[in-house]
Amino acid sequence: MNTAELTRILPQGVEYVRILPEIILSLFGMAIMVLDPLVDQRASRKLLGIIALAGSVAAVLATLYQAQYPGTAFWGMVKVDSFSVFFHFVVTAITAVVILTSYEYMDVQNIRAGEYYGLILFGAVGMCLMSSAVELVLIFIALEISSISTYVLAGFRRRAATSAESSLKYFLLGSFATAFFLYGVAMMFGATGSTSIAVIGQVLRTNSIPLLAYAGIALMFVGLGFKVAAAPFHVWTPDVYEGAPAPVVGFMSTAPKAAVFAVLLRVMFEANAPGRVWLIWVAAALSMTLGNVGALVQQNVKRLLAYSSIAHAGYLLVAFAALPANGIPAAMFYTASYAAMNVGAFAVVAHFAGAGERRISLDEYAGLGRKSPVLAATLTIFLLSLIGIPTTGGFFAKFYVFSAALQANLVGLTMIGVLNSAVGAYYYLRVIVMMYMRESRDEAPVAPLSISLSTALAISVIATIYLGILPGQVLEFASRSATELMR
Amino acid sequence: MNMDKWSPMILSLVTFIPLAGAMLLTLLPRRDRDIRVFSLVVSLLTFVLSLHLPVHFHRALAGFQYQIDIPWIPTPNIHYHLGVDGVSMWLVVLTTFLTPLCVLISWNSIHERVKEFFILMLVLETAMIGVFVALDLFVFYFFWEATLIPMALLIGMYGHGRKVYAAVKFFMYTMIASMFMLAAILWLYAKVGTFDFVTLQSAIRAGQVDNFASAAQWLFLGFFIAFAVKVPLFPFHTWLPDAHVEAPTAGSVLLAGVLLKMGTYGMLRFNLGLFPEQARANAWWVMILALIGVIYGALVALVQPNMKKLIAYSSISHLGFVILGIFSFTQAGLDGATFVMLAHGVSTGGLFMLAGILYERRHTYEIAEFGGLATSMPVYAAFFLFVVLASVGLPLLNGFVGEFLVLSGAFQARAVYGILGATGVIWSAGYLLWMYQRVFFGKITHASNETLPDMDLRERIALVPAAIAALVMGVAPLLWLNAIDPAVHAALVPFEQLAGKVVGQ
């Protein structure tokens, strides 16, 4: 074999740039795992936290750098385009903010830091890879990398029974769902003769659509629907979110979801999935309704936010039923703004919960407006954004989704969505009412905000407000990547 | 000329100075006195700046003035488009006029979480002004929703009694209703590709909107329900008495003085402006609901044992007049409706302030708790009588002009509307004067009423502007009407064409 042939077969330098964020995250993750046994346990939390933060920030920068080198890599398995860059940025930014949130949480809960930070970084590798993978088998592998990390992370409050329950439930049901996805991939391969999304898209566009492709899409949607907590595959969500550590919930309700939505966008639009509109219509309507109705009666803030995340998955899915030119950017924008507000909300919940996560019931938020005005005001901003009040990212997110749906003449689905957001306002408002209009029963002080947590909250607030006042830039970027994707 | 340089900026300045003040306020240390003084300065500054609008307004012109139109967000195509015509200009001035008075009246009654209170109030002021000056439907909706949160928090945090219930009810009612408006706005955007009010209006008039004929009725209703809840029109009124009774005084003043007008202003601007044919087709049942509101509100007010609830129901009755005027589609009716909006803002604002002054002293609004107050509080009684008479519609005070015009408009539309509406005037004299008699005349029945201190200087300063405004508006209504008239006339043009079409057939 001569050199010319070798360079043809082996990946070129630029192809490594196209997976640079993944490489960086893996290296930092491994470094943390190696260092963990070498440093003293108390000191390790601080040190490893800083390393993890450095890793995630480096990954954000790598994403920005990578954006200058679009193209495919590794024999057409990975593709860097504006679309993947967008989701890389969302995932890595979430990772950085979650690490900032965890920094203080680790000490308060007395959790061993090594594996924790390692797993977050490894999980982020899977999520990043999901958004740039354009080949179903690689997508499956990336999905597994991300899922297995989150299964373990859910059980990290080792001393709490609910946390173990959460982890086990998530693991069992999650593996089941992944199997569905894999089965769907196999059927898709049977129907089209390829696992490459671009090729599948071409086949499904030109030929008459084989019945097997419908089955393949349906099964893949079961698997992915589970991961984004879309009804009717949502039943695990409240229990898992309740038991898992609060920063981890902030992480797993946003980053893996963003990645899976990226996969769904590629599968539904780039691969031109048959039967898309009705599949999505039903799932979206169910998620919005069941999520909001379920949230109405919750007394536990984490469960409340879990149901709210089901509802938001529903709003997001509405965009998938729309036309690609409006639907894709709307979904991307929604992912970003949902990430900003939800990570922030869980950061507040994590801080307020205190040692052993004792304070997570809604009643305990009474009087927070007086005890800690800053914390209450921040949470209020996130909740208003979740309601969808103007000047917050949540408003434009809903706005783009619903106007995309209207442009596709989905009036019924839009009406369901709009009415649901009105119902949703009620339970978010309950939290605000608790904080500002009820007096607290105890005078237990709220721990002062640490620098790391304040930074995390500031980033989330700024992102939420930025998306609510100047959404143009982000949406334009998303529209551009949508056109690239559909070319 | 100096004015031309200012013109495009002035609306933005008036709108956002309170917000800027609120932001500065977050940085100030928690020294209550400084915070109060600062808020007063900011709100007075806003008022003085807003006076630029009527002073330099071209009164003979019908269109929007002081316009500013710059692209804000490219997709969707949202423009930062502000402008006022003769109707909205006065509503802006009403808002900026009432806010400093609210700061004064809350001086001592708010003594906990003072900083938050004034921040919320200034944010609310920005949102309210924004509603009146926005000419982009999106920006309008933006401000419309933005009024909700500070108001709900003001009620829920500083109110009394069942304040949380009242705040949540207020929020949910308005929120759910405005969702329908949002859906209608989105539909229009999906078809026309712009949120700009002027562009939309001309596109609709030129018949360039696809499927408009089949959707127009729904669009009309979408906007109408949002505004009807805000006004509130019977039977969507049930949030109002709760919100008013539990709200702090300043909250009640702004709620009755400005927020309710957002609903009637919306009907005038959007329901009439965008959907004239549907407005005409639906006018009969709107008029009936408005008349029910006028009479029902008055009858319920008559039997209220609670002073604040009485004023709240009187608002339902008075706002019924406004809708009556708007949907009469006559020049006099619309002029009168706009004038009632302004007059009601001043006089009901005054009534709520007076009720608040009494509450500060006795911590109750029950009419039965009082009696004979004229002896112990003569100045207070004089102010109260003046404002009551203004509200009742005594000639030469502000209530009379508007009611007269509305009723003459209603007569022109159909005599029975005018006759039934006129009974509302009689009722209002009944319940207000009866309340006055029970509170101020007769013997003092409760010992604690004998030693009540009369109004102090600060309270007088808060009430005197309202009283003067009520008098000037009654004596020289043309100052206001000559700006309102061209705007109203322009709004009525499509109706005259419609009427012509009907006659032609």
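Chain A comprises 22 helices and 2 strands, where helices (H or I, at least four residues) and strands (E, at least two) are DSSP runs numbered from the N terminus. The radius of gyration of chain A, taken over C-alpha atoms, is 22 Å, close to the 23 Å that the globule rule gives for 487 residues, so chain A is as compact as a globular protein of that length; the rule itself is 2.2 Å times the number of residues to the power 0.38. The structure is a predicted model, in which local features need pLDDT of at least 70 and side-chain atom pairs count only at pLDDT 80 or more, whereas totals for chains, interfaces and linings use all residues. Residues are numbered from 1 along each chain as its sequence is written, while chains are lettered from A and ligands numbered from 1 in the order in which they are written.

Along the principal axes, the C-alpha atoms of chain A fill a box of roughly 70 × 60 × 40 Å. Of its 487 residues, 61% count as buried, a residue being buried if 20 or more other C-beta atoms lie within 10 Å of its own, exposed if 12 or fewer, and partly exposed in between, with C-beta atoms placed from the backbone. Among contacts in chain A between residues at least 6 apart in sequence, 81% join residues at least 24 apart; two residues are in contact if their C-beta atoms, placed from the backbone, lie within 7 Å.

Within chain A, helix 5 (residues 82-109) and helix 22 (residues 472-486) pack at an angle of about 135°, with their axes 8 Å apart. Axes are lines fitted to C-alpha atoms, for helices over the stretch in contact, and angles run from 0 to 180 degrees between N-to-C directions. Helix 5 and helix 22 of chain A are therefore oblique to each other, given that angles under 35 degrees count as roughly parallel, over 145 as roughly antiparallel, 65 to 115 as roughly perpendicular and the rest as oblique. In this contact, Ser82(A), Phe83(A) and Phe86(A) of helix 5 meet Phe477(A), Ala478(A), Arg480(A), Ser481(A), Glu484(A) and Leu485(A) of helix 22. These residues divide into 5 nonpolar, 2 polar and 2 charged, where Ala, Val, Leu, Ile, Met, Phe, Trp, Tyr, Cys and Pro count as nonpolar, Asp, Glu, Lys and Arg as charged, and the others, Gly among them, as polar.

In chain B, helix 14 (residues 307-326) and helix 19 (residues 415-440) pack at an angle of about 160°, with their axes 11 Å apart, which makes helix 14 of chain B roughly antiparallel to helix 19 of chain B. The contact is made by Met307(B), Leu310(B), Ser314(B), Ser317(B), Gly320(B), Phe321(B) and Leu324(B) of helix 14 and by Tyr417(B), Gly421(B), Gly424(B), Ser428(B), Tyr431(B), Leu432(B) and Met435(B) of helix 19. By class, this contact of helix 14 with helix 19 of chain B has 8 nonpolar, 6 polar and no charged residues.

Helix 6 of chain B (residues 137-146) has 10 of its 10 residues buried, so it is largely enclosed by the rest of the structure. Its buried residues, including Phe138(B), Tyr141(B), Trp144(B) and Glu145(B), pack against strand 2 (78-84), helix 5 (114-133), helix 7 (148-158), helix 8 (163-192), helix 9 (197-205) and helix 12 (249-274) of chain B.

The contact between the chains takes 27 residues from chain B and 25 residues from chain A. Helix 6, helix 7 and helix 8 of chain B each supply at least two residues of the side that touches chain A, and helix 8 of chain B gives the most, with 15 residues. The residues on this side of chain B divide into 23 nonpolar, 2 polar and 2 charged.

Backbone geometry was also examined. Most residues other than glycine have a negative phi, and most peptide bonds are trans. A cis peptide bond joins Ala231(A) and Pro232(A), with omega about 5°, and Pro232(A) is found in the loop between helix 10 (211-227) and helix 11 (237-243) of chain A. In chain B, a cis peptide bond joins Phe234(B) and Pro235(B), with omega about 5°. Phi of Trp75(A), in the loop between strand 1 (71-73) and strand 2 (78-80) of chain A, is near 55°, a positive value in a residue other than glycine.
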